[in-house]
Every structure is written in C-alpha cells, then in structure tokens.
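Student: Hi! I've just opened a structure I have never seen before. Could you walk me through it?

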Amino acid sequence: MSKKPDPPYRVNDTTAYHRKGMKTLGWELTVCNALEDPRSPCREVLAAQASLGNLLYDHLSGFLDMNAIDSLIEIGGGYGFVMRDFLSRHAWERAAMIELSPVLLERQRETLDGFGVLFIENDFFNIGNDILGQFDLALLNEVVGDFPTLCDIDPGHLALPDTQIDSISLEVKRTIRRNGLKIPDMPFNLNLGAIRAVERLCDAGVPCIYLSEHSCEASAPDQMRQFLDIPPTGNPWRIPLMGHDEYTVRFSDLVAVGEVKGYQVIRGSYADFLRYEYTDRLRFILTSRSARDEHETIRQFIQDIHTYEYLIFIRR
C-alpha cells in the first residue's frame, strides 16, 4: 500500500492538554492574573489601579447599556476572576461558565462560590446554539489563542478543485469564501477555531460579544517602539507555553466574520482601558536591563498591553 500523503497544513489543538494535562495557570501570566493581586507591581503603573475585570466592565459600559443586559456567559474563564468582577458590579439574572478543563472549573467554583453561577464542563464547540442564544453577553477573554489553529497552509493546495482536497482544507476554503477573507500568496496560519467560535455565537444570535487575545496585527505606538518588540506580522505566530502552544490571532479575520453576520464590530487594544503613566520610574524599567522580578514583570505587562487586542460585537 502507498503511504497516505501528509496534509498540506499542521493542526495546533490544545483540547487534550486542557482536558487532562492542565494543572494550573500559575506559570502562564495572563494580563488578568497579573492584575489580580492588589499589591501587584503591574497595578502600580496603571492610572486606575484595579483588576482587569473591573477595568473591562467600565470600558464595556461605554459601548453597551449594561442595565439592558440580563444574562452573561463566559467561555474559558480561567480562575473566574473576570466573571467575579462582573457579578459584583451588576445584578445579572443568569450567569454561566463553559470550561473544558476540570481543574480550572474547580477553581472557578471556588472563586464564584455564592454567586449562583451555572458551571458547564464541556468543549465550547459541543454547546448548542439553543443554549448560547439564551445569553445577552458572551465573554471570551484571553482564550481564543487556545482554539485550533491551522499552520503552514499551502495556498496552492486550496486552489485545487473541491473534490481533490481533504475535508479540513475544504472547510478552510468555504470559511474563506463566506467571510470574504484573503488567501495569502505564501504558506499561512489560520485561526480556524477562533473563526468558528465567532460564527457560532453570531449564528446563535448573542446580542453582544467581547473577545480579546494576543494579536499578530498589533504594533507599538510610535513613542514606545524603542522599548517594545511587537512585530505586526499579519500571520498568527506561535507562543510556546508549558505543555502546549498557543497562537496569536489575526483580528481582521474576526472583524470580517462579525460584519458578514450583521454585527457592528468595535476593535481596539488593551491600551484603551489599561492606561499607564509614563513616569521616570517606568522609563527606567523599560530602558534598563534590570533582572529584578518586579521589573521583568512590568516590562512584560507593558508589552502585553500593546499586543492584546479586543473586539466588541453588537448585533445590529
């Protein structure tokens, strides 16, 4: 028998790791975790020294009428810190968490004890639209980089007739067609899982969606470029982590999906609501090679503020 040819792409899928291998988020310093401790050095550089959830709630309130939103669902909520802050700020009629990792789900139960949250241990992509459509606001904070990404896709392979390619390549072609995306001339990566997620939430009719992640299209502002290394490659790139890899996200693809689905899409960076004061101390930390843990943490935090982007989808 002849050997079956390798597919013209690689699949980065962290599902198995999150279901069985994940023990903690402690080694993965997300922006949310970096701001959780009131004594965090990252809070010290912000103009408003508060947790991510509270700062995000205030930011979203500038675009959404929170009093008109009765129900909230979060997909992949980490330790539950953002949901806790949102529940502390507003009297939601219903709130739910969808989490694949049993370890993280248990941590969420501890964080949200007493709030009356529905906990769903399942893969988000197994949840029906009938359930998703019951909620007014969906949060996907720093999570879609974990969703499946196809890597090193051969654009020449996508040019073949539909009958000559495998099922995943066919899905890529159809995804690109229906959302009006561009096929690069060179091998490229595609955040297929992130696109699927946005399509599912839009098809379920969720009125408001918030999503954030590392962006492959972000760039440092002019005054900060000498301090930050943020290459706007336009092609999702690998972030190696313990036991698995994540990929940055091409946000322009997700904007196109939302607009095709009839949503108004608002795009911005974390710098919009994580505003920091450029003091002499911060300048020293950014320009020095100080190996102090506090200084390294702050340098990474400032880098993340400008690397993370967010989208707000509002159903027209």
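Predicted model: local features only at pLDDT ≥ 70, side-chain atom pairs only at ≥ 80, totals over all residues.

Student: Which residues line the largest cavity?

Tutor: The lining is made of Leu29, Thr30, Val31, Ala34, Cys42, Thr297, Gln300, Phe301 and Asp304. By class, five are nonpolar, three polar and one charged.

Student: And which helices do they come from?

Tutor: Two helices each give at least two residues to that lining: H2, spanning 31–34, and H13, spanning 293–307. H13 supplies the largest share, with four residues.

Student: OK, on to pockets. What volume does the largest pocket have?

Tutor: About 510 Å³. Its lining counts 35 residues, and those nearest the centre are His18, Gly76, Glu99, Val143 and Asp146.

Student: What kinds of residues are in that lining?

Tutor: You'll find 15 nonpolar, eleven polar and nine charged residues there.

Student: Which elements do they sit on?

Tutor: Helices H1 (15–21), H2 and H5, along with strands E2 (71–75) and E3 (94–99), each supply at least two residues of the lining.

Student: Nice link! What about the second largest pocket, how much volume is there?

Tutor: That one has about 380 Å³. It is lined by 20 residues, and His214, Ile239, Leu241, Gln300 and Asp304 are the closest to its centre.

Student: Which elements give two or more residues to it?

Tutor: Strand E8 (208–214), strand E9 (238–241) and H13. H13 gives the most, with four residues.

Student: Let's switch to helix packing. At what angle do H4 and H5 pack?

Tutor: H4 covers residues 52–60 and H5 covers residues 81–89; they pack at about 55°, with their axes 8 Å apart. At that angle, H4 and H5 are therefore oblique to each other. The crossing is right-handed.

Student: Which residues make the contact?

Tutor: From H4, the contact uses Leu52, Gly53, Asn54, Leu56, Tyr57, Asp58 and Leu60, while H5 brings Val82, Asp85, Phe86 and Arg89. Sorted by class, the contact has six nonpolar, two polar and three charged residues.

Student: Next pair: are H10 and H11 roughly parallel or roughly antiparallel?

Tutor: Their axes cross at roughly 25° and come within 10 Å. Angles under 35 degrees count as roughly parallel, so H10 and H11 are roughly parallel to each other. For reference, H10 is residues 192–203 and H11 is residues 251–260. This crossing is right-handed.

Student: Who touches whom there?

Tutor: Ala194, Ile195, Val198 and Glu199 of H10 make the contact with Asp253, Leu254, Val257 and Gly258 of H11. That gives five nonpolar, one polar and two charged residues.

Student: What about H9 and H10, how do they pack?

Tutor: H9 (residues 167–179) packs with H10 at about 50°, and their axes are 12 Å apart. These two helices are therefore oblique to each other. H9 passes H10 in a left-handed crossing.

Student: And which residues meet?

Tutor: Glu171, Thr175, Arg178 and Asn179 in H9 meet Leu192, Ile195, Arg196 and Glu199 in H10. This contact divides into two nonpolar, two polar and four charged residues. Ile195 and Glu199 of H10 also take part in the contact with H11.

Student: Thanks, now I know where to look!

Key: Residues numbered from 1 in each chain as written. Heavy atoms only, no water. 1 Å grid on protein atoms, 1.4 Å probe; cavity = no way out; pocket = protein on both sides within 12 Å on 5 of 7 lines; lining within 4 Å. Nonpolar A, V, L, I, M, F, W, Y, C, P; charged D, E, K, R; others polar. Axes fitted to C-alpha atoms, helices over the stretch in contact; angles between N-to-C directions. Parallel < 35°, antiparallel > 145°, perpendicular 65-115°, else oblique. Left-handed = near helix turned anticlockwise from the far one by under 90°. Contact = heavy atoms within 4.5 Å. Points joined across faces, edges and corners; volume = space filled by probe spheres on them.
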